[in-house]
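This text walks through one structure, contact by contact. Please keep the sequence and the 3D view at hand while reading.

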Amino acid sequence: MKILSIQSSVAYGHVGNSAAVFPLQRLGHEVWPVLTVHFSNHTGYGAWRGPLLAPADVAEVIAGIADRGVLGDADAILSGYQGDPAMGRVILDAVTLVKTANPDAVYCCDPVMGDVGRGMFVRPGIPEYLRDVVVPRADIVTPNQFELEFLAGRPTDSPEALLAAVDVVRATGPRHVLVTSVLHGAVPSGSLEVVAVSDEGAWAVTTPLLPINPNGGGDVTAALYLAHLRTTGSPATALEQTTASIFAVLEATLAAGTRELQLVAAQEAIAHPPPRFPARRLR
């Protein structure tokens, strides 16, 4: 595939495009990375340097790609953290351009806004903008459980409640929803789940819960799920392959004793996901 990925970038470590591009390339896909920021490192360190790019500058880069006459070759658009509604509008304008040139292209949105324990960590107004404007335009969304509850406006404390919340979000527009970091009463102790839902059904994968939570895991997950879903056409297979690769990356990161994702060390598990966690049908 050819993927237009509009995300942040860091020189040290792996978040945003610095987390998504290499795995996609390792799978054999062509990626056109458009940067929204270029920081020295991710903000989880509490200090960083580098520019936050103006939305107008990002739009200029996308316009330059359009000048090459290649936007119609793009099979997908991928976006993550959107720090400002103006940047969101640039991304949605790019989605319009690509889909006008290639109606078969899909938009995958990772609606980054918050997490359990941290609450919302984006600027005021961004969660509502994502919910009301961006997510309805997406074909694929990849919220974590906390973000799903906000998008749906309801709790997800059981498998049935989780699927009901997904149905609320899917009714707004997205055909495919991948829910990460799922923990509720039915999830075995010491485990977590990832749930994929589409028109074809719903599936869950259960993995051990590792004592690690590095930045960038969601960015890699969204990229891999987009890639595997588009190449296999099967949400269940995409779920199995994505979770297998992510778990291998997290294992390598834990073994290395670092807070930065070990994408290079685990690249074979990215390129060739080992059959490890079978998906079970929920409905």
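The side chains of Arg123 and Asp84 form a salt bridge, with N and O 2.9 Å apart. A salt bridge here is a side-chain nitrogen of Lys or Arg within 4 Å of a carboxyl oxygen of Asp or Glu. This is a predicted model, in which local features need pLDDT of at least 70 and side-chain atom pairs count only at pLDDT 80 or more, while totals for chains, interfaces and linings use all residues. Residues are numbered from 1 along each chain as its sequence is written, and side-chain values use heavy atoms, with hydrogens and water left out.

The Arg123 and Asp84 pair links distant parts of the chain, 39 residues apart. Arg123 is in the loop between strand E6 (119-120) and helix H4 (126-134), and Asp84 is in the loop between strand E3 (76-79) and helix H3 (85-101). Helices (H or I, at least four residues) and strands (E, at least two) are DSSP runs, numbered from the N terminus. Arg123 counts as partly exposed because its relative accessibility is 47%, and Asp84 counts as partly exposed at 25%. On this scale, buried means under 20% relative accessible area, exposed means over 50%, and partly exposed lies in between (1.4 Å probe, protein chains only).

The whole structure holds 10 salt bridges. One of them joins Arg283 to Asp167, with the closest N and O atoms 2.6 Å apart. Arg283 lies in the segment after E11 and Asp167 in helix H6 (residues 159-170), so this pair ties together parts that are 116 residues apart in sequence. Arg283 is partly exposed at 39% relative accessibility, and Asp167 is partly exposed at 31%.

Arg280 and Glu193 also meet in a salt bridge, at 2.6 Å from N to O. Because Arg280 lies in strand E11 and Glu193 in strand E9, the pair ties together parts that are 87 residues apart in sequence. Arg280 is partly exposed at 39%, whereas Glu193 is buried at 4%. Elsewhere, salt bridges that share partners join Arg170, Arg175, Asp199 and Glu200 into one network.

Strand E9 (residues 191-198) also pairs with E8, in the antiparallel sense over 4 bridges. Two strands pair if DSSP finds at least two bridges between them. Val177 stands opposite Val197 in E9. Strand E7 (residues 140-141) is joined to E8 by 2 bridges, and these two strands run parallel. Val177 in E8 is the bridge partner of Val141. Of the 7 residues of strand E8 (residues 176-182), 6 are buried.

The next contacts involve rings. There are 3 aromatic pairs in the structure. Rings of Phe, Tyr and Trp (its six-membered ring) pair if their centres lie within 6.5 Å; planes under 30 degrees apart count as stacked, over 60 as edge-to-face and the rest as tilted. Phe39 and Trp48 have ring centres 5.8 Å apart and planes at 35°, so their pair is tilted. Phe39 is buried at 13% relative accessible area, while Trp48 is partly exposed at 40%.

The rings of Phe247 and Phe277 are edge-to-face because their planes stand at 80°, with the centres 5.1 Å apart. Phe247 lies in helix H8 (residues 235-256) and Phe277 in the loop between helix H9 (267-271) and strand E11 (280-281), so the pair ties together parts that are 30 residues apart in sequence. Both Phe247 and Phe277 are buried.
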